[in-house]
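Subject: Handover of a structure

Dear colleague,

Please find the structure below, followed by an account of what was found in it. I would be grateful if you would read the two side by side.

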Amino acid sequence: QVLERDLRHALERGELFLEFQPICTVPDGRPVCLEALVRWRHPEFGLVRPDVFIPIAEECGLITSLGEWVLEDALRAAGRWRAAGFGEVRLAVNVSPLQLMQPHFAEMVGRELGRSGVPAAALELEVTEGIDLRGRLQVSHSVDGVRALGVGLSLDDFGTGFASLSRLNDLPVGVVKIDRVFVMDLTGDVERTRRRYVRTLIAAMVAVAGTLGLDLVAEGVETPEQARELIALGCTRAQGFLYAPPLPEAELLTALTRMT
Ligand code: G
Ligand code: G
Ligand code: G
Ligand code: MN
Ligand code: NA
C-alpha cells in the first residue's frame with residue numbers, strides 16, 4: 001500500500017530519526033541506559049508511529065536495512081554522549097525477530113560496533129518474542145554470535161507474546177523488561193483481583209530475576225504511585241514518562257545532566 005511504497009524511500013530521504021528514552025535506577029532515578037526508538041516523519045501524514053511501520057517493514061523485507069540504519073545511527077549517537085562524559089550510560093536497540101533470522105546478523109552488529117568505536121559491552125539488544133522463536137537454528141546462531149561479541153540481550157515486553165519463564169533459561173538474556181500492561185494495572189481504577197494478580201506476578205518476576213541474576217526493568221512507569229509499588233515489590237530499574245519521555249538527541253545531554 002501507500003505506506004509500504006513510501007517506506008522504501010524514507011531511509012534514503014532521511015525521513016527516519018531516533019529518539020532516546022532513559023532507563024533509570026529506582027528509587028534514585030539515575031539513567032543507566034538509553035533506549036533508541038525509531039520515528040518516521042512522513043512528508044504528508046506527519047509522524048507515523050513504529051507500531052504502524054515496523055510491521056510493514058517486516059512484511060515487505062525492509063526491516064533488515066531499516067534495522068541496520070537504526071543500529072548505525074544509534075551507535076553514532078552513543079559515541080557522542082560517551083564523548084560528552086556519559087560513558088557509563090549504555091545503549092539499548094530494539095531488534096525484530098526477523099533480523100535475528102538473517103544469516104549475517106551478528107557480523108553486521110560487529111561491523112557497526114567497530115565503525116562506531118562503542119564497546120560491545122555498552123550495547124544491549126532488545127528482543128521481543130512476538131513470534132515463536134524456539135528451535136530456530138539461525139536465531140541461536142545470531143544470539144550466540146552477538147553474545148560472543150560481548151553485547152547484552154534484553155527480553156522486551158516480558159509477560160506478553162511467546163516468551164515464558166522457561167525462555168529465561170534457554171536465551172542468554174541479562175535483562176528482562178516487564179511489559180507496561182502489568183505496570184498499568186498496579187494502581188488506579190483497577191479491579192481488586194486484577195491488581196492483586198499483577199502484584200503477585202511482578203513479585204514472582206523479581207524473585208526469578210534475582211535467582212537467575214538478571215536485571216529487571218519495569219516499563220511504562222507514569223506515576224509516583226506505580227513507582228512506589230514497583231520499588232516495594234523489589235524492582236530496581238524503571239523506564240517511563242515519570243522519569244523521561246523518549247527524547248530527541250538534541251535534548252539528551254541536558255536531560256542526562258539534570259538526571260545524573
Ligand atoms: O516508541 P514507541 O512506543 O512508539 O514504539 C512502539 C513499538 O515500536 C515498541 O514496541 C518498540 O519496541 C518498537 N520499536 C521502536 N523502535 C524500534 C526499532 O528501531 N526497531 C524495532 N524492531 N522496533 C522498534
Ligand atoms: O515495546 P517497547 O518497550 O520497545 O516500546 C517502548 C514504547 O513505550 C515506546 O514507544 C515509548 O514511547 C513508549 N513508552 C515509554 N514510556 C512510556 C510510558 O510511561 N507510558 C506509555 N504508555 N508508553 C511509554
Ligand atoms: O514519544 P512517543 O510517541 O512514544 O509518545 C507516545 C505518546 O505519549 C505521544 O503522544 C507523546 O507525546 C506522549 N507523551 C510523551 N511524553 C509524555 C509524558 O511525559 N506523559 C504523557 N502522559 N504522555 C507523554
Ligand atoms: Mn523496547
Ligand atoms: Na516493551
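A residue is called buried here if 20 or more other C-beta atoms lie within 10 Å of its own, exposed if 12 or fewer, and partly exposed in between, with C-beta atoms placed from the backbone. By that count tyrosine 197 is partly exposed, because 14 other C-beta atoms lie within 10 Å.

The model is predicted: local features need pLDDT of at least 70 and side-chain atom pairs count only at pLDDT 80 or more, while totals for chains, interfaces and linings use all residues. Residues are numbered from 1 along each chain as its sequence is written, and chains are lettered from A and ligands numbered from 1 in the order in which they are written.

Overall form

The chain has eleven helices and ten strands; these are DSSP runs numbered from the N terminus, helices being H or I of at least four residues and strands E of at least two. Its radius of gyration is 18 Å, close to the 18 Å that the globule rule gives for 260 residues, so the chain is as compact as a globular protein of that length. That radius is taken over C-alpha atoms, and the rule is 2.2 Å times the number of residues to the power 0.38. Along its principal axes, the C-alpha trace spans about 50 × 45 × 40 Å. Of the 260 residues, 37% count as buried. Two residues are in contact if their C-beta atoms, placed from the backbone, lie within 7 Å; among contacts between residues at least 6 apart in sequence, 66% join residues at least 24 apart.

The nonpolar core

A nonpolar core is a set of buried Ala, Val, Leu, Ile, Met, Phe, Trp, Tyr and Cys residues joined through C-beta atoms within 7 Å. The largest one has 69 residues, of which Ala36, Ala74, Leu91, Val93, Ile178 and Ala238 touch the most other members. Helix 3 (residues 63-83) provides the largest share of this core, seven residues. Setting aside residues up to four places away in sequence, isoleucine 178 touches Phe158, Gly159, Val183, Ile202, Met205, Leu216, Val217, Ala218 and Glu219.

The ligand sites

A residue is taken as near a molecule if its C-beta atom, placed from the backbone, lies within 6 Å of it. Around ligand 1 are Leu37, Val38, Arg49, Pro50, Asp51, Ile54, Val70, Asn94, Val95, Ser96 and Pro246. Strand 2 (31-42), helix 2 (50-59) and strand 4 (90-95) each supply at least two residues of this shell, and helix 2 gives the most, with three. The shell around ligand 1 divides into seven nonpolar, two polar and two charged residues. In this division Ala, Val, Leu, Ile, Met, Phe, Trp, Tyr, Cys and Pro count as nonpolar, Asp, Glu, Lys and Arg as charged, and the others, Gly among them, as polar.

Ligand 2 has 13 residues around it, and Gly220, Glu222, Gly240, Phe241 and Pro246 come nearest. Its shell comprises four nonpolar, four polar and five charged residues.

Leucine 7 belongs to helix 1 (residues 2-10) and is buried, with 21 other C-beta atoms within 10 Å. Beyond its neighbours within four places in sequence, leucine 7 is in contact with Phe53, Ile56, Ala57 and Leu62.

In helix 10 (residues 224-232) the buried residues are Gln226, Ala227, Glu229 and Leu230. They lie on the same side of helix 10 because they cover an arc of only 160° around the axis, the arc being that of the directions from the helix axis to the C-beta atoms. The face turned away from that buried side carries the exposed residues Pro224 and Ala232. Among what covers the buried residues of helix 10 are helix 8 (180-184), strand 8 (215-218) and strand 9 (237-238). Just after helix 10, glycine 234 takes a positive phi of about 105°.

Threonine 257 lies in helix 11 (residues 249-259) and is exposed, with 11 other C-beta atoms within 10 Å.

Backbone details

Valine 26 and proline 27 are joined by a cis peptide bond with omega of about 5°, and proline 27 sits in the loop between strand 1 (16-25) and strand 2. Aspartate 157, in strand 6 (residues 152-158), has a positive phi of about 55° although it is not a glycine.

With kind regards
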